[in-house]
Amino acid sequence: MNDRVPPTAIDVGELAAAPERMLELTSTAAFSLPVEAIADYQITALQKRFRDLVPRVPVLARLADEQGIGAIRRTEDAAPLLFKHSVYKSYPLSFLDSSSFGRLTQWLKGLTSLDLSGVDAAGCETVDDWIQALDSKSELQVIHSGGTSGKLSFLPRSRREMPSMVHGWKRYFERFGAKARDDIEGIDQVPLVYVGQRRGAMAHHRLMDAMLRYLYAGDESKIVTLHPGRMSADMLSVGGRLKTAEAKGELGRLQLPPHLLARREAFLAEQRGAAERVRDFIFDLAARMRGARIAMMSHQGQIYDFAVAGLARGIEKAFAADSFIMMGGGSKGRVFPPDWQDTVRRFFQVEDLRMGYGMTECMNATRECSKGKFHFLPYVIPYLLDPRSGEPAPRTGTHTGRFGLIDLAAQTYWGGILTGDEVTLTFGDRPCGCGRAGPHLDASIRRYGEQEGGDDKITCAGAPEAHDRAVDRLLQDLQ
Amino acid sequence: MAEFSAPLVIRGRVIEAADLEFGGRREGAHFATPDVRRHLDELVLATPSALADLYRLSFEEILDYLAALGERLSLSANAYLQQAFELSIRVSGLGEDILRHTYERVGDVFAREAVREIADRTIGIRYLEGWVEVPLANGCRAAVRAFGARSVHIVAGNVPTVSALSIVRNAITRSDAIFKTPSNDPLTAAAIARTMVDMAPDHPITKHLSVAYWKGGDAAVEEALYQPRNVEKIIAWGGLASIRHVAKYIQPGIDLITLDPKLSSTIIGRDAFADEKAMRTAAERVALDVGVFNQEGCLNARVVYAETGTDELGLARLNRFGALVWEAIRALPSHVSSPARALDRALAEELESLRLGSEWHRIIGGTREGGVIVSQIEEPVEFARQLANRVVNLVPVDSLETAIRAVNAYTQTIGVYPESLKTQLRDRLAFHGAQRLVSLGYAGNPVFAGPQDGMEPLRRMCRWIIDESYDPAVVPLASHVPGFRAPDLTGEVP
């Protein structure tokens with residue numbers, strides 16, 4: 001994929017035939033497209049994806065059939081076609097315990113347009129084995145969640161979407177405006193710092209692999225990680241189940257088969273001393289790359305903790321001011337001091353500390369604009385649903401409700417997803433103060449579970465414990 | 001402005017001036033209540049000897065009081081109860097007809113013979129009425145009596161009967177109770193308490209009941225209250241969240257009795273699937289255990305293990321059975337069970353995802369009327385604990401062993417069918433943790449005069465006091481025994 005495509009080289013007609021190429025336009029170019037052109041692109045692209053995927057993705061076909069949707073005429077027609085997150089974990093959990101990976105492949109076939117007939121999962125004992133079998137025998141690049149709900153979800157992304165993820169990475173850092181192109185000048189030379197394992201199949205790992213290929217021309221030295229090894233899906237699965245059971249006071253109820261129980265020790269060992277290892281890593285990095293430009297995928301808590309630890313060590317201005325920091329928000333209940341940004345700036349020296357918002361199911365994350373809003377590039381069609389009735393809100397004005405989107409860059413799986421987030425969405429009747437046209441979200445994003453969790457409702461039935469059905473946010477998936 | 005007001009009732013005094021508001025559940029009904037933090041001094045029974053007035057009552061007088069109270073708890077005549085009912089319609093998951101049916105029967109809990117049976121079967125009236133002589137083999141003449149205790153009841157709100165039953169338990173044990181009401185039912189206990197105040201404001205039973213709402217975990221209230229000098233027993237219904245607040249105050253001197261949340265299930269043997277007629281009978285019974293109280297209770301069936309086998313024939317049988325269960329759920333009369341306003345959103349999404357994504361599950365229904373998830377593998381769905389709104393999961397098993405092994409300490413009721421199977425399985429089920437076995441279709445008829453959750457909460461609510469009398473002529477003083485040595489732990493006297 002060639003990133004050097006000038007914005008004018010792609011016309012909207014071409015984009016409709018290859019909707020994922022929208023990500024190749026700079027943010028300024030994409031957000032400057034005329035409203036009618038974006039509307040045309042979106043409806044044409046949506047129709048194409050629907051037409052292409054319905055015959056090949058059985059789960060989509062079933063949903064469309066159930067909803068009586070044979071064709072899409074208007075954008076709103078697709079609102080009932082947003083997948084619930086749970087569809088990506090609708091397999092029986094026992095398949096993992098009993099190593100029934102042939103059946104897990106069969107399940108996954110329902111969600112992808114790719115041919116998985118070459119995948120022989122019979123010999124797989126663990127999820128890691130299975131993912132590696134899929135990697136080597138198909139085009140799939142499955143992305144699994146962090147398993148914090150106790151069950152891994154599997155999003156069947158593929159090699160075909162990998163370039164889009166890399167374009168998305170670049171788009172994240174571009175500001176809107178004439179010289180915005182300068183923002184990412186040289187980004188292909190800036191090493192990526194990731195405080196985690198180099199390998200694995202979570203969104204970060206897939207992005208790193210894609211960056212290695214499409215951004216860094218195979219130069220592995222551009223990727224600096226805490227650990228060269230692999231983030232094990234099995235370990236996350238076991239860890240998630242243990243933690244979930246513990247949080248519910250049901251540890252005694254958890255039954256794990258012996259081959260997974262063995263992972264428990266590895267999981268606990270991994271947890272021990274993790275905080276110290278992470279701190280040493282960042283100190284070492286600050287020494288080795290002093291004043292250099294870095295790129296980093298992280299989240300607010302981690303960035304802040306690093307800054308505090310670094311400053312306590314007497315380190316200031318550790319990196320270049322024009323470094324790239326992708327930082328997920330969502331404090332998960334943690335309260336940061338009002339001057340947290342000053343603390344972070346003193347250590348990192350990075351000026352731009354705007355928060356990002358994204359999710360695994362969407363090709364790229366987006367960063368707060370200068371007016372504190374989140375804008376999605378036109379390859380994303382946003383939807384807003386009533387949290388109770390599921391009815392879509394009218395596509396004008398400002399509404400608060402449950403956020404859904406269709407990612408038109410998804411080629412081999414259906415890009416429609418309904419998040420668990422409550423957002424306030426303005427359907428860009430007028431451009432935002434930052435200059436971008438199109439819809440945008442207010443920064444106040446909240447998970448639905450947070451308000452609906454039963455705090456003082458007492459019942460004798462052990463059923464309605466708040467269940468974390470997180471749409472695992474791309475930026476918070478660091479374990 | 002809150003539409004409902006939950007008064008504070010403290011020892012016969014009703015305090016109505018509400019100064020705090022709390023949001024209710026689901027439909028967002030709000031209620032206002034006086035700030036209990038201003039009344040903490042009156043709430044606690046400072047001197048334990050103040051229980052003495054209860055001991056001037058005979059057990060028959062307690063029965064008289066409760067029976068009279070029960071008569072005043074008629075929904076058509078009692079305005080307090082009507083208000084509790086109105087609020088429940090707004091916040092409860094139970095339908096109006098079920099709630100009416102339940103509130104109309106709240107008074108029955110206080111009926112003389114029912115209360116007598118509870119007291120006698122679960123404690124023994126003579127232990128409540130006086131000192132019971134217990135001759136011991138070592139020559140000691142012991143006397144044992146069950147005394148009341150200063151207690152806090154953290155009551156569950158999913159079914160109003162819990163409040164009524166807890167008031168009965170407090171009265172028959174001659175205890176002092178402070179009720180902490182739940183946000184999903186802040187009014188039922190208060191309604192009964194106000195009726196008591198109207199009926200007999202100075203009666204010791206009235207004086208030994210307080211009802212308050214505070215937000216669970218409010219340290220200003222709980223730190224002051226949960227002290228051994230104020231409280232001896234805490235009876236806590238509810239889940240981890242409810243217990244977690246209390247647990248940090250537990251210390252020697254405070255006994256915590258937890259009535260944890262439980263889940264219930266069903267085991268159906270192969271005979272029930274012999275033919276269509278047999279299946280229909282079993283399906284009706286399953287529907288009752290699923291649907292009663294709209295599946296809001298711990299006793300409701302959520303997972304049904306069916307010994308149909310997992311081969312093609314077995315699955316076909318189970319799928320047919322699923323259709324019959326669905327039919328039977330929808331046919332339940334409205335005073336027993338009713339459709340939800342809407343299927344729980346999270347559950348609806350799980351059902352949709354299974355329906356679309358899994359060939360190992362069949363979903364029948366899945367609307368506000370309920371639904372049946374028929375597993376096509378020998379395994380319940382992972383979200384079984386979330387099943388609500390009359391949605392049940394049928395799981396085929398080749399052998400009942402699978403069903404038995406699925407039972408654990410979190411299992412409360414197991415409905416079993418056919419009847420003979422229950423006797424055959426009951427010891428095994430008990431070993432695994434089951435606490436109540438019941439004929440299929442009767443899960444919704446709990447026995448109040450028996451054990452609960454694998455224990456005897458009424459006996460635990462009492463302080464069991466022993467008075468040991470020795471006659472030196474029978475048991476010589478130790479100093480008079482040659483070669484005395486301390487008795488060993490078996491209690492044998494040398």
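Predicted model: local features only at pLDDT ≥ 70, side-chain atom pairs only at ≥ 80, totals over all residues.
First, the conventions. Local features need pLDDT of at least 70 and side-chain atom pairs count only at pLDDT 80 or more, while totals for chains, interfaces and linings use all residues. Residues are numbered from 1 along each chain as its sequence is written, chains are lettered from A and ligands numbered from 1 in the order in which they are written, and side-chain values use heavy atoms, with hydrogens and water left out.

Helices (H or I, at least four residues) and strands (E, at least two) are DSSP runs numbered from the N terminus. Two strands pair if DSSP finds at least two bridges between them. Axes are lines fitted to C-alpha atoms, for helices over the stretch in contact, and angles run from 0 to 180 degrees between N-to-C directions. Contact means heavy atoms within 4.5 Å.

I start with chain B. One open sheet there has seven strands in the order E3-E2-E10-E9-E8-E11-E12, with mixed pairing. Strands E3 (13-15) and E12 (255-259) of chain B are at the edges with a single partner strand each, so one side of each has no neighbour in the sheet. On average, neighbouring strands of this sheet are turned by 20 degrees against each other, direction ignored. Inside the sheet, strand E8 (residues 150-154) and strand E9 (residues 176-180) of chain B run parallel and are joined by five bridges. His153(B) has Phe179(B) in E9(B) as its bridge partner.

Which helix lies across E2, E3, E9 and E10 of chain B? That is H8 (residues 188-199) of chain B, at about 140 degrees to E10(B). H8(B) also packs on another helix: its axis and that of H7 (residues 161-172) of chain B come within 8 Å and cross at roughly 45 degrees. H7(B) is therefore oblique to H8(B); on this scale, angles under 35 degrees are roughly parallel, over 145 roughly antiparallel, 65 to 115 roughly perpendicular, and the rest oblique. The crossing of H7(B) and H8(B) is right-handed. A crossing is right-handed if the near helix is turned clockwise from the far one by less than a right angle, and left-handed if anticlockwise. On the H7(B) side the residues are Ser163(B), Ala164(B) and Ile167(B), and they meet Thr188(B), Ala189(B), Ile192(B) and Met196(B) in H8(B). By class, this contact has five nonpolar, two polar and no charged residues. Ala, Val, Leu, Ile, Met, Phe, Trp, Tyr, Cys and Pro count as nonpolar, Asp, Glu, Lys and Arg as charged, and the others, Gly among them, as polar.

The other sheet in chain B is also open, with seven strands in the order E15-E16-E17-E14-E13-E18-E19 and mixed pairing. Its edges are E15 (361-367) and E19 (436-439) of chain B; each has a single partner strand, so one side of each is left without a neighbour in the sheet. Strand E13 (residues 263-268) and strand E14 (residues 301-306) of chain B run parallel, with five bridges between them. Ile268(B) is bridged to Ala306(B) in E14(B). Helix H14 (residues 345-357) of chain B lies across E15, E16 and E17, at about 140 degrees to E15(B). Helix H16 (residues 419-432) of chain B lies across E13, E18 and E19, at about 175 degrees to E19(B).

H8 (residues 162-173) and H9 (residues 203-214) of chain A pack at about 90 degrees with axes 9 Å apart, which makes H8(A) roughly perpendicular to H9(A). Their contact has ten nonpolar, no polar and one charged residues. The axes of H13 (residues 300-312) and H14 (residues 340-348) of chain A come within 8 Å and cross at roughly 60 degrees, in a left-handed crossing.

Rings of Phe, Tyr and Trp (its six-membered ring) pair if their centres lie within 6.5 Å; planes under 30 degrees apart are stacked, over 60 edge-to-face, the rest tilted. That gives 29 aromatic pairs over all chains. Among them, Phe31(B) and Tyr213(B) are edge-to-face, at 5.1 Å centre to centre and 85 degrees between the planes. These two are 182 residues apart in the chain.

Last, the backbone. The peptide bond from Tyr417(B) to Pro418(B) is cis, with omega near -5 degrees, and Pro418(B) is in the loop between E18 and H16 of chain B. Arg11(B), not a glycine, has a positive phi of about 50 degrees.
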